[in-house]
Amino acid sequence: MNSFKYIFIVAICLVCYGCKVNYSFTGITETPETFQVNFFQNNADLVEPGLDLLFTNALQDLIVNQTSAQLVTSGGEVIYEGEIVEYRIAPMTATAENTAAQNRLTIGVRVRYINTKDEEKDFDRNFSFYYDYGASEQLSGSIKDAAFDEILERLTQDILNASLADW
């Protein structure tokens with residue numbers, strides 16, 4: 001009976017490997033062999049220097065870390081391209097004195113996803129996320145780093161889910 005269990009487990013593993021279907025906790029079911037992330041230029045009305053490179057690198061790093069796909073500079077099986085279209089700071093809540101109690105940084109990107117093996121999966125859509133911080137705080141130093149970390153993590157994960165996890 002014990003040997004039957006081992007044979008069954010090995011058979012399941014071989015079937016999954018043979019079909020090139022990956023099981024993961026990220027929800028990614030099919031991983032391309034290669035991917036390409038073109039530079040996301042910052043075309044927002046308010047330009048934050050270096051954000052374009054930070055975002056491009058964050059998307060590349062996330063895909064490398066959560067899939068078995070290889071990063072290439074050209075000829076990728078799937079291609080991510082687009083631009084940063086929004087960088088906005090706006091007051092969110094007011095105090096009794098009609099001053100801002102909290103500000104919100106919002107970053108939005110437009111992503112064109114191209115799947116060279118299955119054109120039906122291509123999309124062109126916007127993604128955005130935000131970070132709230134106190135009105136008495138300046139968006140610099142550790143506040144800015146925390147905001148960028150949280151926003152970029154969420155944006156890149158949403159893009160990965162929409163493209164490779166079919167969410």
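Is Tyr-113 buried or exposed? Tyr-113 counts as buried, at 1% relative accessibility. Buried here means under 20% relative accessible area, exposed means over 50%, and partly exposed lies in between, with a 1.4 Å probe and protein chains only. The model is predicted: local features need pLDDT of at least 70, side-chain atom pairs count only at pLDDT 80 or more, and totals for chains, interfaces and linings use all residues. Residues are numbered from 1 along each chain as its sequence is written, and side-chain values use heavy atoms, with hydrogens and water left out.

Tyr-113 belongs to strand β5. Helices (H or I, at least four residues) and strands (E, at least two) are DSSP runs, numbered from the N terminus. Two strands pair if DSSP finds at least two bridges between them. Strand β5 covers residues 100-115 and pairs with β4, residues 78-94. The two are antiparallel, with 15 bridges. Within this pairing, Gly-82 has Val-111 of β5 as its bridge partner. Strand β5 is also joined to β6, residues 123-134. Twelve bridges connect these two strands, again in the antiparallel sense. Here Tyr-113 stands opposite Phe-123 of β6.

Aromatic rings were examined next. Rings of Phe, Tyr and Trp (its six-membered ring) pair if their centres lie within 6.5 Å; planes under 30 degrees apart count as stacked, over 60 as edge-to-face and the rest as tilted. Six aromatic pairs occur in the structure. In one of them, Phe-40 and Phe-55 have ring centres 4.9 Å apart and planes at 70 degrees, so the pair is edge-to-face. Phe-40 lies in the loop between β1 and β2, while Phe-55 lies in helix α2, 15 residues apart. Both residues are buried. Tyr-113 and Phe-123 form a stacked pair, because their ring centres are 5.2 Å apart and their planes meet at 25 degrees. This pair links strand β5 to strand β6, across ten residues. Phe-123 counts as buried, at 16% relative accessibility. Ring pairs also link Tyr-113 and Phe-123 with Tyr-80 and Phe-127 in a cluster.

Charged groups accompany some rings. A charge sits over a ring if NZ of Lys or CZ of Arg is within 6 Å of the ring centre and within 35 degrees of the ring normal. The charged end of Arg-125 sits over the ring of Phe-123, 5.8 Å from its centre. Arg-104 lies over the face of Tyr-130, at 3.7 Å from the ring centre.

Helix α2 comes next. The expected span of a helix is 1.5 Å times one less than its number of residues. The 16 residues of α2 should therefore span 22 Å, and its end C-alpha atoms are 22 Å apart, in agreement. Its buried residues include Leu-51, Phe-55, Leu-59 and Ile-63. Seen down the helix axis, the buried residues of α2 fall within an arc of 170 degrees, so they line one face. That arc is taken from the directions from the helix axis to the C-beta atoms. Contact means heavy atoms within 4.5 Å. Elements covering the buried residues of α2 include β1, β3 and α3. Gln-60, in α2, is buried at a relative accessible area of 16%. Beyond four places in sequence, Gln-60 touches Phe-35, Val-37 and Leu-71.

Ala-44 sits in the loop between β2 and α2. Ala-44 is buried, with a relative accessible area of 8%. Its C-alpha atom is separated by 5.8 Å from that of Tyr-87, 43 residues apart along the chain. Not counting residues up to four places away in sequence, Ala-44 touches Ile-84, Val-85, Glu-86 and Tyr-87.
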